Amino acid sequence: MLAVDIDEPADRLWAGRTREALGPRGCQFVTVESGREGHRHLWVLLPSGWNYEQFKTQAEALAGAPRTWSQLRRNATRPPYAPHRLGGRSKVLEPGPDAALNLFQRHRPQPIPRLAIDSLRWLEPHAVVIRRGVIDRGRTIHRAAVSLINARRPQSDLVDLLREQENAVTSKYWELDGGRQRDYVERVWADACRWVREHPPVSRNRETLEGRLASIPSMEWRTRTGANDRRVYRTVLELGIAAASLTVNASIRQLAELSNLSTSGVQAALRRLCTDRYLERVAEQSRLHRHACSYRVVTDVPTKSSTSPHTLPFYGGPKTRCVEEAQLLADVFSNGTGLGASVRETWEALPEVPTKTAEVSQLRPGELAHNTVLGHLRRLDETGLARRAGHRWVRLEPSGEDLLRLARLLGVRGKNQRRVAQLQRERQEYLARFHPDELDDPAA
């Protein structure tokens, strides 16, 4: 982000020309009154891969130069609604407070992408780029830098990931001395920024995937396996959002860990998602193991021809829980010995006020028979997660002690943690057999 003073009428004319010229290129603008009448600031939210010099060069070439350039630095420009030293507060003039807040939130740095961590820390063999059966170190580091830029992370994050450990990918960085290392990182970062600027659709992929995530309830799903399919599909979309890419690279083990499903359940769900045209399997060229795969999210999936799910005015969804309670909740609703993912969807759709079974069916993300939903509600009533009120049902929010007691009663305490530990052991065993030099701890 940067801010430019537009106090004079000539500056405001320049701001209008800049909006028209750079708006189509991904720049977004917020006009703020600085706190004094007639004094304004133009906040510019830059697209991924842009910096101050890039914007300045483009603006001067397309709209001319303003009277003064004011790059956003500490204590240089007050944020919107901050008090002014001469009295009063700055106010958002355009595009409005709610829209401006949404823009600022969207431009905040995202967590470090999983793709960059997996490729540079060598956590997943599929994350690296393979050419003719050999690891392409340069392209792998370039792809990690692109993912960091799309997540609005600084260049220092790339340096930290390269310095963390020496492996088959980061050895390209460790082979250089101190000065050449800095030059190499700067060159990689500049090339990645240039690539992101030349491929602007990448920065819009996150919005497309967020739209697919929000439309999950209105899509056609299979009746019996819909819960697992939705869980895996949601996990794939979240990985794509983190990387700002429609093509998602993920191993079966990684998807199993994130979706709290078994590897066989994930594989079956991926096959069904490809058959139903929610995902497209990317053709394999040269993979390091048979479980590494890439999928492309299909964006033109039609929604249901019927009306969208009914949303009751009193529906608020389940409350947010701490990490321990969330883990217990995942154990209780695990497939097999637990209540199951489909029952969890019914519980999350059930409001905290008396609701009929037919209305609960409409609130669910996937359609189920009336008797099936009624069976879910009875099971929830037996386990203390719902309460019957005549012909209606009410969702109950169990405490941490209640969840712990229920997990012990069902025999699922720590089930998902044991599954994650097993997947990690399998990953280490694979590396020990096929790539022993890539183990995190060679002594292990």
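This section describes the sheet, the nonpolar cores, the salt bridges and selected local features of a predicted model. Local features require a pLDDT of at least 70 and side-chain atom pairs a pLDDT of 80 or more, whereas totals for chains, interfaces and linings use all residues. Residues are numbered from 1 along each chain as its sequence is written, and side-chain values use heavy atoms, with hydrogens and water left out.

Helices (H or I, at least four residues) and strands (E, at least two) are DSSP runs numbered from the N terminus. Four strands form an open antiparallel sheet in the order β1-β3-β2-β4, where pairing requires at least two DSSP bridges between two strands. From one strand to the next, the twist averages 35°. Strand β3 (residues 40-45) is joined to β1 by four bridges, and V4 has L42 as its bridge partner in β3. Helix α1 (residues 9-22) packs on the sheet and touches β1, β2 (28-33), β3 and β4, contact being defined as heavy atoms within 4.5 Å. The direction of α1 makes about 160° with that of β2; axes are lines fitted to C-alpha atoms, for helices over the stretch in contact, and angles run from 0 to 180 degrees between N-to-C directions.

A nonpolar core is a set of buried Ala, Val, Leu, Ile, Met, Phe, Trp, Tyr and Cys residues joined through side-chain atoms within 4.5 Å. Residues are termed buried under 20% relative accessible area, exposed over 50% and partly exposed in between (1.4 Å probe, protein chains only). The largest core comprises 27 residues, of which V232, Y233, V266, L270 and L279 touch the most other members. At least two residues of this core come from each of α10, β7 (247-251), α11, α12 and β9 (292-297), and α10 gives the most, with six residues. A second, separate core of 24 residues includes V159, V169, L176 and V196.

The whole structure contains 13 salt bridges, each a side-chain nitrogen of Lys or Arg within 4 Å of a carboxyl oxygen of Asp or Glu. E175 and R137 form one at 3.0 Å, N to O. Because E175 lies in the loop between α7 (171-174) and α8 (178-198) and R137 in helix α5 (residues 137-150), the pair ties together parts 38 residues apart in sequence. E175 is exposed, at 53%, and R137 is partly exposed, at 23%. In the salt bridge between E345 and R230, the closest N and O atoms are 2.5 Å apart. This pair links helix α14 (residues 341-349) with helix α10 across 115 residues; both E345 and R230 are buried, and R230, E345 and R364 are linked in a network of salt bridges. R253 and E426 form a further salt bridge, with the closest N and O atoms 3.5 Å apart. R253 is buried, at 13%, and E426 is partly exposed, at 28%.

Most residues other than glycine have a negative phi. N260, in the loop between α11 (252-259) and α12 (263-275), has a positive phi of about 60°. R277, in the loop between α12 and β8 (279-281), has a positive phi of about 70°.
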